[in-house]
Amino acid sequence: MLTAPVDVVALLSPLAVTQQHWRGTLAMTVLTVGAFATGGLYRARRHVSILDELPSLCGRLLATAAVVAIIAALRHDSPAYLVGFIRGVAMAAVLVIVGRLVTREAATLARRRRWVEHNAIVIGAGATAVEVARLLRRYPRYGLRFVGHVDSSPPSDTQPAPTIGTLDQLPQLVRLAECDVLVIADPQCPEPALMEVLRHPVVAGCDLWAVPRLWGSRSHGDHIGAIPIVRVGDTTLSGPRWALKRSSDVTFAAVALLLLSPILLLCAALVLMDGGRGVFFYQERIGRHGRPFNIIKFRTMRPLDEHESQTNWSIAHDRRVSPIGRLLRRTSLDELPQLWNILKGDMSVVGPRPERPYFVQKFSAEYPSYAMRHRVPVGLTGLAQVSGLRGDTPISDRARFDNYYIENWSLWLDAKVLLRTVAEVFRGGGR
């Protein structure tokens, strides 16, 4: 929490001496903070050491300083200006390293005095898990207070370490122990069962660390004692990540509605001529956290009644779909009104496709991972759809792709899905 503000103050420190190079100083600050963030220099670490970070710090400082210095040289011919700017950059770089040293020592001191401590449950009761627990009890500098072991089997006298409960009880144990951190170390259970528990909303709120299965092999990164440990990325969209996704959704939907308004009007006119009034089709779908909303589409056929609308799985080969309706469905133009759903906040541009309440209830009962799709907003398009899972395709495969998208989300992944969606539209890969 202290590192980023200290870095910003250090990078802006040349402005306290002179404001002649304020543009370059601001550019240097923005680029350096961005380079530090992408390089993982603001991520939490269990083993805190300035020496571990020093090569990455110096490399990124030199790279950003070189970029800004080259731009400054192209804009200013005065050698005196460049010399003054480089002096400011050198001062800022030294202060960044000093600031890192101070914040790291402060963090280590706070952990050793147990002023900053997080409750941790170790998942597993084997030899590696026992060693991790021993290190956490002996060395408070890792900032974790060991609560107990959890494994798939009930407690027994033959286990290397006693457990405080089974894996199925983990959500209740996390709540009772006010646990903030989970450490996965050789659990005796299948990976699908473990992942199902880790996706529980209570458990998903914890920081998740894991000991690599081949931890005796060469590895890089964080460690507890001599045991390497890696942090598993957050699988929920909240905080800054959610703000970033939501702002990109609003921008995309607003621009798309503006640019595609002639196409929207043409589609509306075709639907009106084909079937009369009632251009739009509204249907209840399930969104984020199981909340219902009304999705908007261009009408391609009229269902007999509400029951058929809610329970008929596919109309891809329904004879009631008119030629214009088939064209709209094949090109996915019938989905364009959902841009309004995105602006309202019901949907996202990219995410799991929304389904009707009847099928959500049915698939959630049949496939344990299906309900986890609703951790994020549903989308206009999705990774499963551009991977060929549209129409009458296995629900288990769709759920697997949707959960992979959630757990590996990035803006670039959204961009890739959008580009593949455009390719599918031009190929006429709709239903």
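Colleague: How many nonpolar, polar and charged residues are in the lining of the largest cavity?

Modeller: Six nonpolar, three polar and no charged residues. Gly counts as polar here. Keep in mind that this is a predicted model, where local features need pLDDT of at least 70, side-chain atom pairs count only at pLDDT 80 or more, and totals for chains, interfaces and linings use all residues. Residues are numbered from 1 along each chain as its sequence is written, and side-chain values use heavy atoms, without hydrogens and water.

Colleague: Which residues line the largest cavity?

Modeller: Leu-11, Pro-14, Gly-24, Thr-25, Met-28, Phe-85, Gly-88, Val-89 and Ala-92.

Colleague: And which helix gives the most to that lining?

Modeller: H4, with four residues. Helix H4 spans 79-112, and helix H2 (22-38) also supplies at least two lining residues.

Colleague: What's the volume of the largest cavity?

Modeller: About 40 Å³. Searching the whole structure turns up one cavity of 30 Å³ or more.

Colleague: OK, new topic. How many helices and strands does the protein have?

Modeller: There are 17 helices and 12 strands, taken as DSSP runs of at least four residues (H or I) and at least two (E).

Colleague: How much of the protein is buried?

Modeller: 44% of the 431 residues, with buried meaning under 20% relative accessible area (1.4 Å probe, protein chains only).

Colleague: What about the accessible surface?

Modeller: That comes to about 22800 Å², and carbon and sulfur atoms hold 63% of it; the method is Shrake-Rupley with a 1.4 Å probe.

Methods: Buried means under 20% relative accessible area, exposed over 50%, partly exposed in between (1.4 Å probe, protein chains only). On a 1 Å grid over the protein atoms alone, a cavity is a set of points where a 1.4 Å probe fits but cannot get out, and a pocket is an open set with protein on both sides within 12 Å along at least five of seven lines; lining residues have an atom within 4 Å of a point. Grid points are joined across faces, edges and corners, and a volume is the space filled by probe spheres set on the points.
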